[in-house]
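Please examine the sequence and the three-dimensional structure shown here before reading the report.

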Amino acid sequence: SIVFLNGDYLPAAEARISPMDRGFLFGDGIYEVVPSYQGRFVGLTPHLQRMLSGLEQLSIDAGLSLADWQQLLTGLLAKNQSMGENLAVYLQVSRGADSKRGHAFPANIKPTVFAFVFEIPPAPIADKAKAPRYRVVTADDLRWQRCHIKSTSLLGNVLHYQQGYAQGAQETVLFNREGNLTEAASCNVFVVKDGVIATPPLSTELLPGITRLILLAILRKYSSYPVEERAISRAEVLAADEVWLTSSSKEVAPVVQINDQWVGDGEPGDIWLDVQTLFSAHKYEF
Ligand code: PLP
């Protein structure tokens with residue numbers, strides 16, 4: 001495949017990054033993953049806006065505008081079109097290489113900008129029989145207090161994901177000290193009760209997911225379901241009729257089991273089917 005590194009397009013095998021890069025030494029960087037199907041990106045602009053916001057919060061200036069980034073991703077996708085129909089772009093900007101490994105931001109450091117393309121499964125489809133059936137466990141959210149930044153420092157998320165994986169689950173749903181839902185290790189979470197759809201409000205405790213953003217916009221524009229962004233307790237999650245995970249690769253995915261308990265009747269729900277149908281129909285509009 002062809003990758004982008006610091007202004008150049010080159011074969012992946014020829015890309016070289018210094019071991020003194022602060023992305024490697026400190027996890028000092030921001031990343032994004034943008035999916036595309038048949039050459040069309042989903043949520044390209046909001047993904048790039050989130051990245052630019054993260055870079056600004058870390059005082060990293062990659063010297064690229066939103067339009068520059070759009071051009072970079074579109075160009076990189078075109079150069080890798082032969083890899084398949086369903087491709088995601090992974091983007092990472094780190095603070096750059098620093099021979100001293102000092103904690104303070106070094107002056108005059110050049111950020112490292114890297115992007116590569118990888119193949120992803122076909123877009124999820126709204127079909128109960130073919131739907132993924134997620135089993136999750138719950139845990140106290142032990143990550144840091146800047147979870148809204150899509151930082152490459154993912155150890156907290158990796159440990160929580162592994163916590164579920166070690167118990168045979170495919171995600172770990174997290175609760176803050178007040179006992180309220182934050183998100184999962186690599187997804188946002190929605191719950192449904194009596195036809196009302198709810199998800200936690202944006203805060204420093206969760207990533208502002210682009211799938212979450214697009215889904216909320218679609219629901220408000222194209223459905224009549226009541227939608228709430230509000231605090232959701234552990235008891236509410238456990239008593240929900242439906243629970244969904246959202247992420248760029250999963251879109252809207254039904255959770256059928258939490259810990260040792262079924263969600264609803266243990267099957268993907270009717271509202272999930274309706275909502276994934278709407279998502280599939282309108283996801284390119286945002
Ligand atoms: N929450 C976390 C911690 C994530 O890593 C991700 C990314 O996949 C998400 C939520 C979902 O975000 P998005 O919908 O932008 O993929």
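The report below covers the domains, a helix pair and the ligand shell.

## Basis of the model

The model is predicted; local features require pLDDT of at least 70, side-chain atom pairs count only at pLDDT 80 or more, and totals for chains, interfaces and linings use all residues. Residue numbering starts from 1 along each chain as its sequence is written.

## Domain arrangement

The protein chain is assigned domain 1 (2-119) and domain 2 (134-285), with bounds from an automatic or database domain assignment. Their C-alpha centres lie 26 Å apart. In domain 1, 18 residues are in contact with 13 residues of domain 2 (C-beta atoms, placed from the backbone, within 7 Å).

Strand 3 (29-37), helix 2 (44-57) and strand 5 (86-94) each supply at least two residues of the side of domain 1 that touches domain 2. Strand 3 gives the most, with 6 residues. Helices (H or I, at least four residues) and strands (E, at least two) are DSSP runs, numbered from the N terminus.

## Helix 5 and helix 7

The axes of helix 5 and helix 7 (residues 270-282) come within 10 Å and cross at roughly 100°. Helix 5 is therefore roughly perpendicular to helix 7 (65 to 115 degrees). Axes are lines fitted to C-alpha atoms, for helices over the stretch in contact, and angles run from 0 to 180 degrees between N-to-C directions.

Leu215, Ile218, Leu219 and Tyr222 of helix 5 meet Val275, Leu278, Phe279 and His282 of helix 7.

## Ligand shell

Of the 13 residues around the ligand, Leu207, Gly209, Ile210, Thr211 and Ser248 come nearest (a residue is near if its C-beta atom, placed from the backbone, lies within 6 Å). Helix 5 (210-222) and strand 13 (242-247) each supply at least two residues of this shell; the largest share, 3 residues, comes from helix 5.

Definitions and conventions. Parallel < 35°, antiparallel > 145°, perpendicular 65-115°, else oblique. Contact = placed C-beta atoms within 7 Å.
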